[in-house]
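Colleague: I would like to learn how to read a few features of a protein model. Could you take me through them one by one?

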Amino acid sequence: MTLEGRHEEALRELIWFHEHALEEEPSLYGVRNSYGLFYWMDLAQVYPPAHAALEAQRDRHASALLDGGGGRQAFGDLAAINERLDCAAHTYGVFCELLARDPDTAQACSSRAMEAIIAAGDFALAGRFLPDPERVVRRASTLLNWDVANRRVRPFTIAPRIKAGIYNYADEVKQVLAVLEGCGRHEEARRIAQLATDLIPATTIRRAVRAALLPGARPWYERSVLSLRTIGTKEKLRHRRRLAKAARAA
């Protein structure tokens, strides 16, 4: 509809999807706050009422949250919309107000608010809600290591799953490091940064993580396009060999 210029219809469908998709299928929560908002912003580029409608949705989530309804889901929706609107300051403001009104709900929403709190430079508040840094890094490294170890037993896919895993891991570690540095815990930050790389046994993945954690460094995937293409080709060949071997055995 957006491509065909049927902007008003497209906006109605996007609003319906945001408000009712989870009633139809709860597993659409991630899609709703990623692709759903991505396409909403595409529409907003050519149809200004879509931008105003998205802000109105965000404000409804904020009102519900501050009135004692919605909880973590409402805050997650608000934060996701603000990320698309580039309004981290609004997320931070709502979180501070929520903290004053309902500390328990604010505690439950703190991990989702952390990025906005860091962007606001309020490291005292960020440090207050930062979980144990070592536990965070060890849990995240376990997930990445499992994904890397099991990549060959899954069906072949061109989806950049390992790239995404490395990016997400480095992003989570960098958030922890930013809070530690902002709170003046510099020695602990250095120790956690070293631990984050030491916990990754796969040499190539460890190098990628180390590069991603360097301040000011370009994202590792921008420096490794050729090697990533080579890796992808090799994975595809291995997958074809496994299929051929299975066919012969049958």
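**Rings and helices**

Modeller: Start with F38, which is partly exposed at a relative accessible area of 38%. Buried means under 20%, exposed over 50%, and partly exposed in between, using a 1.4 Å probe and protein chains only. This is a predicted model, where local features need pLDDT of at least 70, side-chain atom pairs count only at pLDDT 80 or more, and totals for chains, interfaces and linings use all residues. Residues are numbered from 1 along each chain as its sequence is written, and side-chain values use heavy atoms, with hydrogens and water left out.

Colleague: How many aromatic pairs are there?

Modeller: First, the rule. Rings of Phe, Tyr and Trp (its six-membered ring) pair if their centres lie within 6.5 Å; planes under 30 degrees apart are stacked, over 60 edge-to-face, and the rest tilted. The count here is 3 aromatic pairs. F38 and Y39 make an edge-to-face pair, 5.4 Å centre to centre with 80° between the planes. Y39 is partly exposed, with a relative accessible area of 47%.

Colleague: What kind of pair do F75 and F95 form?

Modeller: Their ring centres are 6.1 Å apart and their planes lie at 70°, so this pair is edge-to-face. F75 lies in helix α5 (residues 71-85) and F95 in helix α6, so the pair ties together parts 20 residues apart in sequence. Helices are DSSP runs (H or I, at least four residues), numbered from the N terminus.

Colleague: Are F75 and F95 buried or exposed?

Modeller: F75 is buried, with a relative accessible area of 0%. F95 is buried too, with a relative accessible area of 0%. F75, F95 and F129 form one aromatic cluster.

Colleague: At what angle do α6 and α7 pack?

Modeller: Axes are lines fitted to C-alpha atoms over the stretch in contact, and angles run from 0 to 180 degrees between N-to-C directions. Helix α6 (residues 88-101) and helix α7 (residues 103-119) pack at about 155°, with axes 9 Å apart. That makes α6 roughly antiparallel to α7, a term for angles over 145 degrees.

Colleague: Which residues of α6 and α7 meet?

Modeller: Contact means heavy atoms within 4.5 Å. Those in α6 include Y92, F95 and L98, and those in α7 include C109, A113 and I117.

Colleague: Where is E97?

Modeller: E97 is in helix α6. E97 is partly exposed, with a relative accessible area of 35%. The C-alpha atoms of E97 and L66 are separated by 7.7 Å, though the two residues are 31 residues apart along the chain.

Note on methods. Helix = DSSP H or I, 4+ residues; strand = E, 2+ residues; numbered from the N terminus. Parallel < 35°, antiparallel > 145°, perpendicular 65-115°, else oblique.
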